[in-house]
Amino acid sequence: MLQFGNKLKSKKGQAAITDALFFLLIIVTLSVLLFRYSSTYGTRIEKASNDLYFKDYTNSVLRTIFYTSVPLDFNLDIRQARETDYLMTQIKQDFYADGKIGSTDINTLGTTYNDIAKYNLFHTVKATMYPLKSHDYVFYLYDQTQNNDTFFYFMIKLTNFQCTSISGPTKTMSCSVNPDEPETYYLCDPEGGYSQVRSIISKSPTIFSSSVPLSFIKYTSSASEQREFLTIATFAIWPATTDINPDDLDLLNCEEVEN
């Protein structure tokens, strides 16, 4: 009887030790998870704050483009202009006449009176992004009408880098911003459509964008001709990177615009 009691106590002791080990394992696991969570908490909060900031920045840029007042004559001085209107209203008025923005090609910035709308749009976007020189960006008006895959306007800014090879066991490249020509602006005519543009812009690991649908109308005397176009205005920014470079723009049929 005494021997049976000792065996029972031994089994109870083993069960207690096993329970304690399981409890200790749970505590250790929770401690490790809490440590990993707390060690990256600040980084994740910073990333979320930055994402929110840049997302709000893209929204603000679009609002600026839409609600900027511009002169309607070629004087280009709002203080002396006789009439002013919203920039996007001027763009729509210019498009209404012949279904294009400006009298020149889409990838060319003219300086005649007929190109005043495109001129104002280009320099408004450029001036709005002036404080954020560490980022590159694109602004375009994309025709999303059924069976269409074209752009009415396409502007992109790229940072110019100088890269040198570093000798060592593995070949690496060191890149820095070109001090002589830190940035270049382009107007493009992407013949490959939206998919081609997306494949190039998506090379950046971090992109923030905002889009607004618009309705562009073209004058026509023919009832069978398409006169209303569903247009998407999109602005996107990303940290300047060598992953997107001028060689990529050859595919977009781009022309450099003099600063």
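A salt bridge is defined here as a side-chain nitrogen of Lys or Arg within 4 Å of a carboxyl oxygen of Asp or Glu. The model is predicted: local features need pLDDT of at least 70, side-chain atom pairs count only at pLDDT 80 or more, and totals for chains, interfaces and linings use all residues. Residues are numbered from 1 along each chain as its sequence is written, and side-chain values use heavy atoms, with hydrogens and water left out.

By the salt-bridge rule, the count is four.

| Salt bridge | N to O distance |
|---|---|
| Lys203 and Asp248 | 2.8 Å |
| Lys157 and Asp136 | 3.2 Å |
| Lys157 and Glu183 | 3.8 Å |

Lys203 lies in the loop between helix H4 (193-201) and strand E8 (208-217), and Asp248 in helix H5 (residues 246-249), so this pair ties together parts 45 residues apart in sequence. Helices (H or I, at least four residues) and strands (E, at least two) are DSSP runs, numbered from the N terminus. Lys203 is partly exposed at 39% relative accessible area, whereas Asp248 is buried at 9%; buried means under 20%, exposed over 50%, and partly exposed in between (1.4 Å probe, protein chains only).

Lys157 is buried at 2%, Asp136 at 0% and Glu183 at 12%. Shared partners join Lys133, Asp136, Lys157 and Glu183 into one salt-bridge network.

The whole structure contains one disulfide (a pair of cysteine sulfur atoms within 2.5 Å). Cys188 and Cys254 form this bond, with an S to S distance of 1.9 Å, and both residues are buried.
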